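Hi,

Here is the structure I promised to pass on.

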Amino acid sequence: MNPQPAESAQKPSTAFFSHRPFGLLAELTYRCPLHCPYCSNPSKVSGKYPELTTGEWKRVLKEAAGMGVLHVLFSGGEPLQRSDLEELIEGGRQYGLYTNLITSALGFSLERAKDLKKAGLDSVQISFQSSDEGLADEIAGTKAHRHKLEAARVARELGFPLTVNTVLHRDNIDQLESLVELAEKLGAHRLELANTQYYGWAFQNKNRLLPTRDQVDKAALRATEARTRLQGKMEVIYVVPDYYADRPKPCMNGWGRRYLTVNPIGDVLPCPTSGEIKSLRFENVREKGLDWIWEKSEAFNRFRGTEWMLDPCRSCDRREIDFGGCRCQAALLTGDPAQADPACDLSPHRAGLLKMVEEAGANFGSRPAYLYRRDPGSKAVERT
Amino acid sequence: MIGSYPKLAARARLQTDPLTGKPALLYPEGLLLLNPTAAAILELCDGKRDLAGIIDRLAERFKSPPEMIQPDVEKCLLELRAKGLVQILDVPEEGA
């Protein structure tokens, strides 16, 4: 552990603020068979860099473990598109990491699942777009729902702990009860019901996806009921859409504090969407060690701790609870990533956010086509 | 509860945090950094020993009377059960 005072000695309340990464989000590829309109992947990547090779990823996993990372989340895009996934899982286990697969489940055949089990995969998370097949396939932009049901069955049959996750929005949030029922039926241990976070593709689709306050409140109530009823059997996590919150989310538990993301081309990011902050320059694992990037790079230190904050965050007694909210959202909605997250009602930019919510609401009831996610253009690498 | 057989959930893994040398409980997308007592309890939760047996072992190890530690052990197990990380079985698990 590298406890590092992030503040001067005059501010004892923050003297023990430390940063240590516990989780690595390994985005193995941007290739994905699904086209969900709320995808957190960037709409394009700069240049045509090839994906990291097997050897490069193994080095990243080893370095991450050495820095204190205990969890690796293999994600994407669709991580099953990488034929070396088994080898990376083996590597992760060898370095003492708990290995989680975050998947659309397309490609999660019985045969592949057995290979993943043999490689030492610890847990599987499968996304469901809806509890209703027709709507699910419409959201995914492809016939996926049936494959997912079968994959979940296979996962449980092989003894994998299963997380079901659904990204909630206007079209599926009213299905909360049937989503809980689906997860129970599939034998899931965890159910993640997370409202869409409006960046990237989701931001472009916000007038189509943003639920009403009434929808959100009802869903929250039902999620609480399910959590109580299923305690000890299935963990139910409900994430509110922060456009309807009064205080911002403690995004990533603080910038550069607990998590890091390595994207398919090797850029290291404090969070998966931070590539959208155009004023930041991100380092790449092909050029620098992961530890150096975490400790020393400008991007990781830019919003670490509380020194960078402006008012109202700087003098706020919640500055070490929510860390000023989300930097990406501040950048997106105010043009300046150092501003308070407009999801906070103390933000001077709050009115703009409320206006946006109102505009999205005016559109409620009409169902124009989604703007579907397209492949941002990462280039597959031959197996090495 | 004293006659039950606590068992660490299959999806949870107890290991040592390499950076601090302290026990860490890892489970899907989550972790708990444990104090040494909680780790000592969990090491014994194999689904074969009953709670009374576990408490006796802990009493011996920490040199305290069993009735002193019983409430803390039960509290710890119930908390972990609420998180789905421990099962409290009525009958011992089969197998060697």
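Below are the points I picked out, starting with conventions.

This is a predicted model, in which local features need pLDDT of at least 70 and side-chain atom pairs count only at pLDDT 80 or more, while totals for chains, interfaces and linings use all residues. Residues are numbered from 1 along each chain as its sequence is written, with chains lettered from A and ligands numbered from 1 in the order in which they are written.

Let's begin with the contact between the chains. Chain A gives 18 residues and chain B gives 15 residues (a contact means C-beta atoms, placed from the backbone, within 7 Å). On the chain A side, β2 (71–75) and β3 (98–103) are the elements that give two or more residues (strands are DSSP E runs of at least two residues, helices H or I runs of at least four, numbered from the N terminus).

A cis bond joins A:Gly76 and A:Gly77, with omega about 15 degrees, and A:Gly77 is in the loop between β2 and α2 (85–94) of chain A. Another cis bond joins A:Asp311 and A:Pro312, with omega about 10 degrees; A:Pro312 sits in the loop between α11 (298–302) and α12 (327–334) of chain A.

That loop between α11 and α12 also holds A:Phe323, whose phi is positive, near 55 degrees. A:Phe323 is buried, having 25 other C-beta atoms within 10 Å (buried means 20 or more such atoms, with C-beta atoms placed from the backbone).

Best wishes

How values were computed. Contact = placed C-beta atoms within 7 Å. Buried ≥ 20, exposed ≤ 12 C-beta atoms within 10 Å, placed from the backbone.
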